[in-house]
Amino acid sequence: CKDIDECATGTHNCRADQVCVNLRGSFSCQCPPGYQKRGDQCVDIDECTLPPYCHHRCVNTPGSYYCQCNAGFQLASNNHTCVDINECDANNPCAQQCYNILGSFICQCNPGFELSSDRINCEDTDECRTSSYICQYQCVNEPGKFSCVCPEGYQVVGGRTCQDINECETTNECREDEICWNYHGGFRCYPRNPCQEPYVLTSENRCVCPVSNAICRELPYSVVYKYMSIRSDRTVPSDIFQIQATTIYPNTINTFRIKSGNENGEFYLRQTSTVSAMLVLVKSLSGPREHIVDLEMLTVNSLNYRTSSVLRLTIIVGPYAF
């Protein structure tokens, strides 16, 4: 006797959704892979409800299933495991710096830039707007950085601070009969011989009125020329210059006063000893400006002999507070 293959001859009675399996002397109606019998019908097996087949997400399909991965991951060759995607290597989405992290990535910017709202592109950081004290004088924003500039007569030191240029040492433009005096932000030329008739020059900056000249009896015996510079808007009160007798005579009394140049009351002369006094700035001065102040020392001896000497102080106020 030879077995009849009912599945091949079509003499079976399996349903269309069933699979005929030939047996010796008979046949069996079974469900295809991915289905299970429920009564006479084959119903789909939901593999996603069974012990986990997939690393991240399972998607059931009629008779089968497939795995999906979360964003930032991709399926491995076994179609079940999910492995991280290195977005920085695959297709760098960042404008400047890219750092891969598990399942994603982050963008960073080079120094001087900051991330824009899309967290991908970089925008220039305007450092000049972050602080008004970043430069001593003026800040200039540049792509990815900034620079400090100084006004004429100054140079940038340390990247941010302004330092006075001593033009008398670099580009002295004064004549031979002049001396160069540097001040904060510039320089000026003054005559080497400042003496005016009837005074005569006795040393570098000292003019004397000869006793032999009758006109000199009513004039200060000597005039000494001094120069100094101060910054604009200096804090007051402030001691700025000390005047002192160069020759001390016995049995004499010295008094000090501001003879001229203090019409607006910017200065005060405080006597500090019998032979010295301190010039005090009591009102703030703004530059550029030049003040010429005559400081007089009156000397009287026991025989009522009177004489005086003048220190002509030229004060140059710079244009800035640095």
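This tour moves through a predicted model, from its annotated repeats to a domain contact and then to the nonpolar cores.

Begin by colouring the chain by its domain assignment, which gives domain 1 (1-44), domain 2 (48-84), domain 3 (127-164) and domain 4 (178-317). Select residues 3-43, a span that is 10% helix and 41% strand, with its end C-alpha atoms 31 Å apart; then select residues 124-163, where the chain is 10% helix and 45% strand and the end C-alpha atoms lie 29 Å apart.

Next, show domain 3 together with domain 4, whose centres, taken over C-alpha atoms, are separated by 38 Å. Their contact draws four residues from domain 3 and five residues from domain 4. Between them the two domains bury about 260 Å², 33% of it on carbon and sulfur atoms, and on the domain 3 side Gly 153, Tyr 154 and Asp 164 lose the most area, together 93% of what that side buries. A search for salt bridges between domain 3 and domain 4 returns zero.

Now turn to the largest nonpolar core, which has 21 residues, and display Ile 240, Phe 241, Phe 267, Leu 279, Leu 295 and Ile 315, the members that touch the most others. Strands S21 (222-230), S22 (238-244), S24 (267-271), S25 (276-281), S26 (289-301) and S27 (306-317) each give two or more residues to this core, the largest share, four residues, coming from S27.

Centre the view on Leu 295, whose contacts beyond four places in sequence include Phe 241, Ile 258, Leu 279 and Val 310. Finally, select Tyr 190, Val 223, Tyr 225 and Ile 316, which are among the twelve residues of another core lying apart from the largest one.

How values were computed. Residues numbered from 1 in each chain as written. Predicted model: local features only at pLDDT ≥ 70, side-chain atom pairs only at ≥ 80, totals over all residues. Heavy atoms only, no water. Core = buried A, V, L, I, M, F, W, Y, C linked by side-chain atoms within 4.5 Å. Buried < 20%, exposed > 50% of the residue type's maximum accessible area, 1.4 Å probe, protein only. Contact = heavy atoms within 4.5 Å. Domains from an automatic or database assignment. Buried area = accessible area lost by both parts, 1.4 Å probe. Salt bridge = Lys/Arg side-chain N within 4 Å of Asp/Glu carboxyl O.
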